[in-house]
Amino acid sequence: MIIGLLTAVAASACYGTGSVLQAVGSRKSARREAAKASSTGITQHGGPSLSSTAKAAVTWEFMVGTVLDFIGFGLGALAARLLPLFLSQTVISANLVITAVLSIKLLNIRLTRPEWASIAVVCSALVLLATAAGHEGGGDTAVTTHWWLLVASVVIIGGGTLIVRLLGGRAAILAGLLSGLGFGALGVGVRVLNGIDPFHLPSLLGDPALYAILVAGIGGMYLHTVALQIGSVNGATAALVVGETVVPGILGVLWLGDSSRPGFAWVAVLGFVVAVAGAVAVAWFGEPEPEPGATDIDGSTPEIAAAPSDSAHRAAA
């Protein structure tokens, strides 16, 4: 249990730091596109084009953030096999807290008191979950369920990408939520993957869950990048937290046999609900505009305006 918790915390730190660095890279790329007055950086619906997303991905900040994401993926995969999904996914989702704190320094964002209070709520919920968590269930499931996981991953990523591109600049929170669902499917896939223990390559390559992991992971990363390009880093990450926490947690209990300690079921439910509510609150309260004259980490004025504020998202909604 302790090793699993430490692994999940390390994965959370990697994901949180990676998200902020990717946001820095995305905004730097958006600033360059704006300076060129490029019409190829957006789609006809106002969202980022594939070329602009690709350009964001080749900034050094984004590449370092991506490396951290891959490290976080490995640690998160290990945590998903050592802990109940409702605990591992929620602890990993605490990267929201790390993202919010680092955004103060790297994106010159000042968090409001309600945002700090929401972060404290998330931390308190994690304590409740850690207290209530029991042993994780087994990962042995029928191969048909692995096929269903693959189909669900394709529908979430494929259909979600289409909807996000149609909505354009209004799709930041939706893109974050869909990326979270993708990462949640990834966590479930890792948990049920065949051919790992003991290692058996033919079983691994023949398992549909492996391809669900690839589809959900790559697609989730793309949608998260889009969310960072058109929305606030805290709002996009909070939406991601909801997506990657709720569904895997429920599936872990109903499908994989995850459970809480005897007599602590109500504590686990309370912690789970409070953690999701805290994440939603961080997205709702949003991030204020930076102070006039504030500078980005590269010495230039931060391009926060390139990504609409959360208050703008709510007004658009």
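A search of the whole structure, which is a predicted model, finds two cavities of 30 Å³ or more. The second largest cavity has a volume of about 40 Å³, and the largest pocket has a volume of about 450 Å³. The protein that holds them is built from 13 helices and zero strands, and 53% of its 317 residues count as buried.

**Largest pocket**

- The volume of the largest pocket is about 450 Å³, and 26 residues line this pocket.
- Among these lining residues, Tyr 15, Asp 69, Phe 73, Phe 183 and Leu 186 are the closest to the centre of the pocket.
- Two or more lining residues are given by each of the elements α1 (2-35), α3 (60-82), α4 (85-92), α8 (172-192), α10 (208-230) and α11 (233-254).
- Helix α10 provides the largest share of this lining, with seven residues.
- In terms of residue class, the lining of the largest pocket comprises 13 nonpolar, eleven polar and two charged residues.

**Second largest cavity**

- The lining of the second largest cavity, whose volume is about 40 Å³, consists of Thr 90, Ser 93, Ala 94, Leu 96, Val 122, Val 241, Thr 245, Ala 275, Val 276 and Ala 279.
- At least two residues of this lining are supplied by each of α11 and α12 (265-285).
- The largest share, three residues, belongs to α12.
- Seven of the lining residues are nonpolar and three are polar, while no charged residues are present.

**Nonpolar surface patch**

- Phe 199, Leu 201, Leu 205, Tyr 211, Leu 214 and Ile 218 make a nonpolar surface patch of about 620 Å².
- Both α9 (201-205) and α10 supply at least two residues of the patch.
- Helix α10 contributes three residues, the largest share of the patch; the largest share of the lining of the largest pocket also comes from α10.
- Phe 199 is placed in the loop between α8 and α9.
- Phe 199 is classed as exposed because its relative accessible area, 58%, is over the cut-off of 50%.

**Fold and individual residues**

- Along the sequence, the elements of the protein follow the pattern α-α-α-α-α-α-α-α-α-α-α-α-α.
- Gly 278 belongs to helix α12, the helix that gives three residues to the lining of the second largest cavity.
- With a relative accessible area of 3%, Gly 278 counts as buried, because the cut-off for this class is under 20%.
- The C-alpha atoms of Gly 278 and Ala 125 are 8.5 Å apart in space, although the two residues are 153 residues apart in sequence.
- Trp 116 is located in helix α6 (residues 113-132).
- The relative accessibility of Trp 116 is 40%; Trp 116 is therefore partly exposed, as this class covers values between the cut-offs of 20% and 50%.
- Trp 116 and Ala 100 are separated by 16 residues in sequence and by 9.0 Å in space, C-alpha to C-alpha.

Note on methods:
Residues numbered from 1 in each chain as written. Predicted model: local features only at pLDDT ≥ 70, side-chain atom pairs only at ≥ 80, totals over all residues. Heavy atoms only, no water. 1 Å grid on protein atoms, 1.4 Å probe; cavity = no way out; pocket = protein on both sides within 12 Å on 5 of 7 lines; lining within 4 Å. Points joined across faces, edges and corners; volume = space filled by probe spheres on them. Helix = DSSP H or I, 4+ residues; strand = E, 2+ residues; numbered from the N terminus. Nonpolar A, V, L, I, M, F, W, Y, C, P; charged D, E, K, R; others polar. Patch = residues over 30% accessible without salt bridge, like charges linked within 9 Å, V, L, I, M, F, W, Y side chains within 5 Å. Areas by Shrake-Rupley, 256 points an atom, 1.4 Å probe, with all protein chains shown as cover. Salt bridge = Lys/Arg side-chain N within 4 Å of Asp/Glu carboxyl O. Buried < 20%, exposed > 50% of the residue type's maximum accessible area, 1.4 Å probe, protein only.
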